[in-house]
Amino acid sequence: MIPELGTFAIILALCFSVLQIFHGRQSAVFGQAIFLSMAMLSLIICLITNDVTVLYVRDHSHFSLPLFYRIGAAWGGHEGSLLLWCLILSYWSALFCIFGYKKMSKQISEKMLMTLGLISTGFILFLLLTSNPFFRDFPTALIVGNDLMPVLQDPGLIFHPPVLYSGYVGCALSFAFAIAVLIKGNMTTADARACRIWIILPWSFLGCGIVSGSWWAYRELGWGGWWFWDPVENASLLPWLSATALLHSLIVSEKRHTFLGWTVLLAIITFTLSLIGTFLVRSGVLVSVHAFANDPTRGLFLLGFLTILIGGSLLLYSFRIGKFYQNVNFALFSRETMLLLNTILLLTAVFTILIGTLYPILLDALNLGKISVGEPYFNTIFIPLVLFVLLLMGIAPHIKWQKDQTSTLLKLGLPFLFSSMIVASVSFIFSTTLYTLLGIFFSAWVLLSTLQYAIKIRKNSLRHSGMIVAHIGIAILALGITFNKTYSTEKQLRIHPNESIQFANHDFYFDRINTNQGPNYQSVQAIFLVQHQKKLIGEIDAEQRIYTSHDEILSHPGILFNFWRDLYIALGNRFPDGSWSVRLYYRPFVRWIWSGGLLTVLGGLLSVLVRYKKEKPA
Amino acid sequence: MKKSFVVLCLFLFSQLLFAANDIYSFHSTQQQNQFETLTTELRCLVCQNQNLAESNAPLASDLRQQIYQKILQGQSTQDIINYLVARYGDFILYQPPLRVTTFLLWFGPLLFIVIAIIILFRAIGSDRNIA
Amino acid sequence: MKKIRVLLPLVLFMLIAGLLFRGLKLHPEKIPSPLIGKSVPQFSLSTLDNPNRTLTQSIFTGHVTLLNVWATWCEACSIEHPFLMHLVKDEHIIIDGLDYRDDDETAKKWLQQMGNPYQIILTDPTGNAAIDWGVYGTPETFIIDKNSHIRYRQIGAIDETTWTTVLKPLVEQLEHE
């Protein structure tokens with residue numbers, strides 16, 4: 001009964017969605033949101049009650065799966081995650097109706113809802129016709145379920161997909177804005193101002209999603225890595241980079257009424273990348289451990305829809321953008337130019353990651369053989385780009401709009417001097433590589449330059465607090481990456497209980513082995529006592545779990561962390577003589593990476609908050 | 001076949017026996033470094049998004065063993081790479097080789113940014129709409 | 001000039017979309033063998049029925065052979081197996097086997113249960129010989145011509161469709177060479 005209700009709810013949501021295309025009414029949006037919520041609720045109920053007549057429940061759940069993860073299984077598989085996608089789109093649209101509709105000119109708001117209706121119709125149709133999570137298959141024998149993959153049975157599952165999807169899907173709003181603006185024929189300052197929140201919020205969610213994904217992979221995969229240039233990871237980084245460019249371009253469009261074409265184009269590009277990402281993960285076109293196992297016919301539908309939607313948008317863009325009225329007076333040395341350079345650098349980064357990820361397909365399609373593109377390629381090209389962006393980040397806030405003297409650069413003498421001094425000192429004390437020095441220099445550069453800017457405008461600093469915090473966040477992120485990459489070490493060894501090992505200036509004493517029974521797994525824990533300079537500072541539990549349903553062994557590394565570094569132990573196999581294979585990792589500054597990322601997100605939210613507080617009384 | 005392939009990789013990926021039974025000891029840090037370089041720059045062909053160092057696939061384990069033996073025998077990094085490429089093709093290299101076919105890959109970004117900057121400067125130079 | 005610039009994003013997008021459409025038909029996880037056209041790798045391996053007897057690559061000269069790399073622990077191999085039996089019985093193909101990372105006793109039992117399509121079964125318990133052939137998964141089948149050159153590598157199980165569309169025509173062509 002409930003599965004049928006679920007399907008029926010989706011059909012109703014589709015009706016509202018179609019209505020939304022033609023009438024752009026808020027009521028259609030709310031109708032969609034309500035019925036998709038009902039559908040998701042139905043799916044969760046099916047999972048909680050373990051209704052194994054629903055194929056999705058069979059494939060992704062198990063009677064012994066803890067309740068927590070049964071709910072997470074709602075988006076652990078392709079069909080459920082697609083329902084989540086549609087649901088989140090309806091929530092964003094509803095949010096826009098409540099908070100943003102009135103702030104934009106009616107023409108734009110209405111056209112935005114129509115565009116959103118077009119997108120949601122396409123996706124709900126895709127859901128209904130090819131990927132219905134409520135598909136029933138009555139079993140003939142007793143079924144217990146295939147269980148959720150052990151690697152997904154982690155708190156990260158509850159948090160990471162919804163947050164990440166909120167980011168991906170939220171990009172639809174600025175896309176809808178771009179379409180509405182193209183149809184209208186111009187973009188006013190007020191329009192641009194109203195759109196700001198609808199790009200910063202998704203950008204923040206994407207940032208959080210990426211950070212949480214990195215953190216989850218670090219904890220779960222057992223070799224202390226936090227980024228792998230995996231195609232699916234790249235798929236989430238691409239829209240984030242583009243959204244960053246869009247954010248900055250929008251600011252210029254609002255303040256100076258220029259870059260209108262760039263803003264519109266970037267909004268289209270960002271959503272395109274988001275859709276391509278959604279496609280890549282489920283089409284089987286790329287090999288990735290993150291990908292949903294899927295058949296190419298689903299990929300065909302999705303790709304077809306996306307081609308028509310984006311092709312149409314870009315066609316509209318090419319016909320209408322020329323008619324836009326805007327300001328164009330700015331000199332070669334001006335903040336406008338700096339921000340345009342920033343857009344170019346970020347787009348180059350997007351281009352690089354895109355071409356690196358898709359190149360194997362290109363060569364294969366042209367029958368030119370099979371190559372693989374991995375970390376060495378991305379690091380080689382991406383790192384210099386990032387260094388240039390950091391350079392620009394330190395300069396741009398100090399340059400005036402429209403026209404400035406190059407002598408202004410001399411004002412940045414202090415940050416330059418101090419950054420150089422820091423680099424010099426570090427290179428004396430520690431061993432460093434060229435990249436280490438560059439990383440430290442540019443991170444310090446951004447940090448000090450941003451602080452100098454904050455001091456300069458201290459009376460107005462609240463207004464710009466978002467930017468200041470976000471840029472500092474990036475500096476911390478860059479510093480964390482630099483130190484982490486340079487000074488990480490690891491050691492693999494065989495150790496008996498009651499033996500001790502020295503590593504990274506710490507002593508690790510293998511105290512004992514614990515065995516435990518979890519809800520759907522058995523666990524073996526190796527307990528290590530950690531000493532630093534003869535003082536006991538903590539305990540690390542490196543665990544191995546054997547999940548009974550899949551007969552799979554999953555390693556849960558033990559981590560002891562503080563502000564500066566992580567000590568990380570992953571447990572391997574037991575040897576016949578009673579010793580264990582163990583891998584120790586020293587990961588300095590890895591928490592700075594995520595903290596920096598979160599700080600950047602915070603900066604974005606801060607800027608929205610400050611805006612909102614200012615506009616409230618008015 | 002594709003579905004079981006992905007399941008196989010997830011299985012191996014999550015197992016983390018990480019060469020659990022292979023502990024390699026070398027005669028010098030130079031050999032150790034050589035091993036690390038090779039195993040991190042070569043792709044595992046079974047779990048294709050992991051390098052040989054990280055992968056738990058039996059093939060990865062076999063290849064690590066072979067690389068280990070060859071390093072002890074004193075073979076150079078390039079010799080070992082040639083040996084593996086002769087059997088598995090370019091795909092085993094994580095770093096795409098610089099060839100005519102990969103020209104676009106390696107120089108594409110540079111071309112992109114150079115062209116973009118040229119367009120930028122020309123547009124700013126004249127008094128036209130930047131759009 | 002302006003017109004060209006605004007059309008550029010659309011053109012770029014269409015190229016990417018086209019690539020992705022093409023990509024849907026490809027199999028990214030299948031890797032082509034660099035050994036196609038070359039002589040079979042040299043080897044000296046024992047056979048399953050007589051561990052004391054070692055054979056070399058000379059066993060391939062003079063006739064067209066299919067070398068099937070298989071293992072008892074490989075699920076897809078079990079699925080492929082009946083078809084190999086059919087090929088030997090009804091199409092009179094010569095199939096040799098390379099038993100990959102297996103244990104002799106288990107292999108013998110498995111063949112007793114499932115039937116034995118192989119003329120010769122070489123054993124590679126360590127997997128080292130298979131590396132010389134560029135094997136990365138099972139089952140894989142190599143088509144070897146009369147001069148001991150590798151002409152094709154099949155990744156994955158051979159089924160009716162693969163046989164009739166790809167492998168059979170090649171085998172017939174090689175027979176006539």
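## Basis of the model

The model is predicted: local features need pLDDT of at least 70, side-chain atom pairs count only at pLDDT 80 or more, and totals for chains, interfaces and linings use all residues. Residues are numbered from 1 along each chain as its sequence is written, while chains are lettered from A and ligands numbered from 1 in the order in which they are written.

## Chain A

Chain A contains 18 helices and nine strands, where helices (H or I, at least four residues) and strands (E, at least two) are DSSP runs numbered from the N terminus. The radius of gyration of chain A is 26 Å, close to the 25 Å given by the globule rule for 618 residues, so chain A is as compact as a globular protein of that length. This radius is taken over C-alpha atoms, and the rule is 2.2 Å times the number of residues to the power 0.38.

Along the principal axes, the C-alpha atoms of chain A fill a box of roughly 80 × 70 × 60 Å. Of its 618 residues, 53% count as buried (20 or more other C-beta atoms, placed from the backbone, within 10 Å of the residue's own).

## Helices α5 and α6 of chain A

Helix α5(A) (residues 78-99) and helix α6(A) (residues 106-130) pack at an angle of about 165°, with their axes 10 Å apart. Axes are lines fitted to C-alpha atoms over the stretch in contact, and angles run from 0 to 180 degrees between N-to-C directions. The two helices are therefore roughly antiparallel (an angle over 145 degrees).

Residues of α5(A), including Leu82(A), Trp85(A) and Leu89(A), meet residues of α6(A), among them Leu116(A), Phe123(A) and Leu127(A); contact requires C-beta atoms, placed from the backbone, within 7 Å. The residues of this contact comprise 12 nonpolar, three polar and no charged. Here Ala, Val, Leu, Ile, Met, Phe, Trp, Tyr, Cys and Pro count as nonpolar, Asp, Glu, Lys and Arg as charged, and the others, Gly among them, as polar.

## Chain C

Five helices and seven strands make up the elements of chain C, in the sequence pattern α-β-β-β-α-β-α-β-α-β-β-α. Its radius of gyration is 21 Å, whereas a compact globule of 177 residues would have one near 16 Å. The C-alpha atoms of chain C fill a box of roughly 80 × 35 × 30 Å along the principal axes, and 36% of the 177 residues count as buried.

## Contact between chains B and C

Chain B contributes 16 residues to the contact and chain C contributes 15. On the side of chain B, the elements giving two or more residues are α1 (2-15), α3 (58-72) and α4 (77-88). The largest share, five residues, comes from α3(B). The residues on this side divide into 10 nonpolar, four polar and two charged.

Definitions and conventions. Angles under 35 degrees count as roughly parallel, over 145 as roughly antiparallel, 65 to 115 as roughly perpendicular and the rest as oblique. Two residues are in contact if their C-beta atoms, placed from the backbone, lie within 7 Å. A residue is buried if 20 or more other C-beta atoms lie within 10 Å of its own, exposed if 12 or fewer, and partly exposed in between; C-beta atoms are placed from the backbone.
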